[in-house]
Amino acid sequence: MVFFTVNNIIKHFGGNAVLNGINMEIDKGKIYQLIGPNGSGKTTLINIISGMLKPDDGKIIFDGKDITYKSLYDTFNTGLVRTWQIPQPFVNLTTLENFVISSGNNSGESFLLAPLKSKWKKDEKKITDHALHIMEMVGLINQKDTLSQNLSGGQQKLLELGRAMMSDAKMILMDEPIAGVNPTLAHEIFEKISSICKRQKITFLIIEHRLDIALQYADYIFALNGGKIIAKGNPDDVMKHPNVIESYLGV
Ligand SMILES: Nc1ncnc2c1ncn2[C@@H]1O[C@H](COP(=O)(O)OP(=O)(O)O)[C@@H](O)[C@H]1O
Ligand SMILES: [Mg+2]
């Protein structure tokens, strides 16, 4: 069974076809990048995958489930998580607290269970240990007591990534995770994504513009132009593809 498939997705805005029959197949535990010039339909496609927009036609299957017409919330609950879908961090909470409240099995949230203090205590310990483990992986362990408002821009991105992991995501969608981040930190973020992908078998689908930095971390590229996949495959082959060269040079 293919982990994630997009089948003939079509989307119009007004009279304009923005996605013209998109097909994708994605395996577990790899980094996929979606590239393409401005206006090629990248964000629209991610919006449709995450349940924010409905397609006019086509099908999306994730982990054996048809999620085509599921809401954002239901898609999130199947384990397909778009990072900004997670509510903004609480600026007056520490990094650790922000991780703990993002937990997928936070039974302390349930008022029915709240009176069972012993149950909550047990879960609290388990969730905190899990949070510390993920903070170690994303490289925020030294910031665990830092208020999230005092984290740098790059650390905020790592916080988003870690919180997606706390929600038990199986696949994470990111729209330009290194936008506005300096090159050293941008590499660090992609190295973290790479090691998390390998260790946790989490799949990533990432829109990225800074190809000079991002491409070396991709296992597989989908190149989009005019609402169509014009090339796909490993980064070297895709960047050499005449359609891709043409779409970037505009010749
Ligand atoms: N809500 C919308 N209403 C009308 N047109 C839209 C809307 N969202 C995007 N578009 C158009 O769809 C096309 C693709 O946009 P988008 O998916 O944002 O591309 P990308 O993310 O690749 O830059 C563009 O021509 C854009 O103007
Ligand atoms: Mg976009």
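**Reading domains, burial and backbone angles**

Tutor: The centres of domain 1 and domain 2, taken over C-alpha atoms, are separated by 27 Å. The model is predicted.

Student: Which residues does the domain assignment give to domain 1 and to domain 2?

Tutor: Domain 1 is given as 1-86 + 169-251, and domain 2 as 87-166.

Student: How many residues of domain 1 are in contact with domain 2?

Tutor: There are 20 in domain 1, in contact with 15 residues of domain 2. The two domains bury about 1400 Å² between them, and 73% of this area is on carbon and sulfur atoms.

Student: Which elements give two or more residues to the side of domain 1 that touches domain 2?

Tutor: Those elements are β7 (171-175) and α6 (183-200). Helix α6 supplies seven residues, the largest share of that side. Sorted by class, the side of domain 1 that touches domain 2 has 14 nonpolar, three polar and three charged residues.

Student: How many salt bridges does the rule find across the interface, and how many residue pairs are in polar contact?

Tutor: The rule finds zero salt bridges between domain 1 and domain 2. The count of residue pairs in polar contact is two, both at pLDDT 80 or more.

Student: Now burial. How should I read a relative accessible area?

Tutor: A residue under 20% is called buried, one over 50% exposed, and one in between partly exposed. Ala164, in helix α5 (residues 153-166), has a value of 0% and is therefore buried. Ser102 has a value of 11%, so Ser102 is buried as well.

Student: Where does Ser102 lie, and which residues is it in contact with, leaving aside neighbours within four places in sequence?

Tutor: Ser102 is in the loop between α3 (95-101) and α4 (117-138). With those neighbours left aside, Ser102 is in contact with Arg163, Met166 and Ser167. A polar atom of the Ser102 side chain also lies 2.8 Å from the backbone oxygen of Asn98.

Student: How far apart are Ala164 and Arg210, in sequence and in space?

Tutor: They are 46 residues apart in sequence, and their C-alpha atoms are 23 Å apart in space.

Student: How do I read burial along a whole helix?

Tutor: Start with the repeat: an α-helix has 3.6 residues a turn, so residues three or four places apart point the same way.

Student: How many of the eight residues of helix α1 (residues 42-49) are buried?

Tutor: Seven are buried, so helix α1 is largely enclosed by the rest of the structure. The buried residues of α1 are Lys42, Thr44, Leu45, Ile46, Asn47, Ile48 and Ile49. Gly51 follows α1 and has a positive phi, near 95 degrees.

Student: What is the phi of Asn8, and where does Asn8 lie?

Tutor: Asn8 has a positive phi of about 50 degrees, although Asn8 is not a glycine. Asn8 belongs to strand β1 (residues 4-13). With a relative accessible area of 35%, Asn8 is partly exposed.

Student: And what is the phi of Asp168?

Tutor: Asp168, not a glycine either, has a positive phi of about 65 degrees. Asp168 is placed in the loop between α5 and β7. Its relative accessible area is 44%, so Asp168 is partly exposed.

Key: Residues are numbered from 1 along each chain as its sequence is written. Chains are lettered from A and ligands numbered from 1 in the order in which they are written. This is a predicted model: local features need pLDDT of at least 70, side-chain atom pairs count only at pLDDT 80 or more; totals for chains, interfaces and linings use all residues. Side-chain values use heavy atoms; hydrogens and water are left out. Buried means under 20% relative accessible area, exposed over 50%, partly exposed in between (1.4 Å probe, protein chains only). A polar contact is a pair of N or O atoms within 3.5 Å; within protein, one must be able to donate a hydrogen and the other to accept it, and residues adjacent in sequence count only if both atoms are side-chain atoms. Contact means heavy atoms within 4.5 Å. Domain bounds come from an automatic or database domain assignment. Buried area is the accessible area (1.4 Å probe) that two parts lose on being put together, summed over both. A salt bridge is a side-chain nitrogen of Lys or Arg within 4 Å of a carboxyl oxygen of Asp or Glu. Ala, Val, Leu, Ile, Met, Phe, Trp, Tyr, Cys and Pro count as nonpolar, Asp, Glu, Lys and Arg as charged, and the others, Gly among them, as polar.
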